[in-house]
Amino acid sequence: EIIQQGTPRNATNYNNMETGILASNVFAQWLWTLVLQHRQKLEDLTGEYGTVTLNNTKKYPFTNAATTIKLGTLRSTTEYHVSIEVVSSSGGLVEFAEAYDRQLNGFKVRFTGSARSATLKYCVTGGKVS
């Protein structure tokens, strides 16, 4: 005796359930991959900032104004970006400031020019933070 009409319970209506379960699992894995990719992009945008003052004791065009900056967060790769801005200088001009010799835990920074002293601001982004 049928009390209420509904979906019949038979092979035609229930044999595609595995396909639906598989599709939902694949979709969930795809979403999780997107979350991980966005998390990595967000971590790459999160920068590490600092300032450093370099002193030059040699006469122009020579310079010995260089130092090593230790990163607060260890990187997984040396493919990170360091942007440098000259905040101030005294005793001359800064021609060029650069970051070089990148390592997982730090890098070196230097400037060229006639300045006796320069304060540099740096920002480190990327490098897949560990």
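E48 lies in strand 1 (residues 48–55); strands are DSSP runs of E with at least two residues, numbered from the N terminus. The structure is a predicted model, in which local features need pLDDT of at least 70 and side-chain atom pairs count only at pLDDT 80 or more, while totals for chains, interfaces and linings use all residues. Residues are numbered from 1 along each chain as its sequence is written, and side-chain values use heavy atoms, with hydrogens and water left out.

With a relative accessible area of 15%, E48 is buried (under 20% relative accessible area, 1.4 Å probe, protein chains only). Its side chain reaches the backbone nitrogen of G72 at 2.5 Å and forms a polar contact of 3.3 Å with the side chain of T73. A polar contact is a pair of N or O atoms within 3.5 Å; within protein, one must be able to donate a hydrogen and the other to accept it, and residues adjacent in sequence count only if both atoms are side-chain atoms.

A further polar contact, of 3.5 Å, links the side chains of E48 and R75. R75 belongs to the loop between strand 2 (66–70) and strand 3 (80–90) and is buried because its relative accessibility is 2%. A polar atom of the R75 side chain also lies 3.1 Å from the backbone oxygen of G126.

Strand 2 pairs with strand 5 (residues 106–113) in the antiparallel sense over five bridges, where pairing requires at least two DSSP bridges between two strands. Within this pair, K70 stands opposite G106 in strand 5.

Methods:
Helices (H or I, at least four residues) and strands (E, at least two) are DSSP runs, numbered from the N terminus. Buried means under 20% relative accessible area, exposed over 50%, partly exposed in between (1.4 Å probe, protein chains only).
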